[in-house]
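This report looks at one helix and the sheet beside it. Please keep the sequence and the model in view while reading.

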Amino acid sequence: MRIVIAEDDPLLREGLALLLRAEALDVVATAADPDGFLKAIDEYEPDVAIVDVRMPPTHTDEGIVAAVEARRRLPGLAVLVLSAYVEQAFATELLSHGSARLGYLLKERVGRVQEFLAALHRVADGGTAIDPEVVAQLLTRSRPDNRLDRLSPRERDVLALMAEGLGNAAIAERLVVTDGAVHKHIRNIFAKLDLAPTDKTDRRVAAVLQYLESGHRR
């Protein structure tokens with residue numbers, strides 16, 4: 001796994017590089033600003049980019065803009081975005097371009113090394129990893145009149161774990177239920193969110209996007 005890190009805090013940037021190299025992962029470049037990050041993407045063509053949301057010069061959304069541009073330049077690039085705070089608008093902006101190989105974590109998650117590494121590998125393997133705290137806050141901010149209100153408490157639990165990027169087996173393990181029960185809950189979620197099967201739409205992704213966007217529009 002070839003990795004580029006874009007983080008303007010030198011302590012966190014070098015700490016991440018040391019952590020990943022200790023796990024035998026190949027950190028091919030680090031950058032302190034969007035321009036340096038995109039230059040590294042062009043030069044090294046990495047498998048994964050770890051990107052801070054807020055970067056110079058304005059420390060607003062430069063990291064998100066750079067991440068979207070990096071995926072345009074290098075289709076299939078896995079991107080794990082780090083943020084100091086829950087900023088659900090940025091999560092939904094990233095996911096609107098497709099959820100495969102994308103992650104959005106709070107920086108505090110880096111200190112929980114195994115959780116961070118699990119999210120990194122899930123994104124690199126083609127999955128999605130959304131921080132549980134982001135998911136929890138979106139759940140409380142959902143509009144009272146949207147379709148999510150049709151879901152039972154257990155179905156909302158399942159959808160929240162889907163939004164974190166967990167597969168059916170992992171959801172079953174987390175909730176201590178059978179795989180069959182999870183499959184049934186997901187079928188009910190699709191039905192209640194009016195997500196009919198089509199060749200053009202991944203219903204799992206569509207359900208997660210409804211979940212995230214409901215919090216974004218609150």
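Buried here means under 20% relative accessible area, and exposed means over 50%. The model is a predicted one.

**Helix H2**

Helix H2 spans residues 34-44, and its buried residues are Pro34, Phe37, Leu38, Ala40 and Ile41. Viewed down the axis of H2, these buried residues fall within an arc of 155°, so they line one face of the helix. The face turned away from that buried side carries Asp35, Lys39 and Glu43, which are exposed.

What covers the buried residues of H2? The cover includes strands S1, S2 and S3, together with helix H3. The table gives the residue range of each.

| Element covering H2 | Residues |
|---|---|
| Strand S1 | 2-6 |
| Strand S2 | 26-31 |
| Strand S3 | 48-52 |
| Helix H3 | 62-73 |

Asp33 caps the N-terminal end of H2. A side-chain oxygen of Asp33 lies 3.2 Å from the backbone nitrogen of Asp35. Just after H2, Glu45 takes a positive phi of about 45°.

**The sheet**

An open sheet is formed by 6 strands, with parallel pairing. Their order is S2-S1-S3-S4-S5-S6. S2 and S6 (128-130) are the edge strands, each pairing on one side only. From one strand to the next, the twist averages 20°.

S1 and S3 run parallel and are joined by 4 bridges. Ile3 stands opposite Val48 in S3. H3 packs on the sheet, where it touches S3, S4 (78-83) and S5 (102-106). The direction of H3 makes about 180° with that of S4.

Note on methods: Residues numbered from 1 in each chain as written. Predicted model: local features only at pLDDT ≥ 70, side-chain atom pairs only at ≥ 80, totals over all residues. Heavy atoms only, no water. Buried < 20%, exposed > 50% of the residue type's maximum accessible area, 1.4 Å probe, protein only. Helix = DSSP H or I, 4+ residues; strand = E, 2+ residues; numbered from the N terminus. Arc of directions from axis to C-beta. Contact = heavy atoms within 4.5 Å. Polar contact = N/O pair within 3.5 Å; in protein donor to acceptor, adjacent residues only side chain to side chain. Pairing = 2+ DSSP bridges. Axes fitted to C-alpha atoms, helices over the stretch in contact; angles between N-to-C directions.
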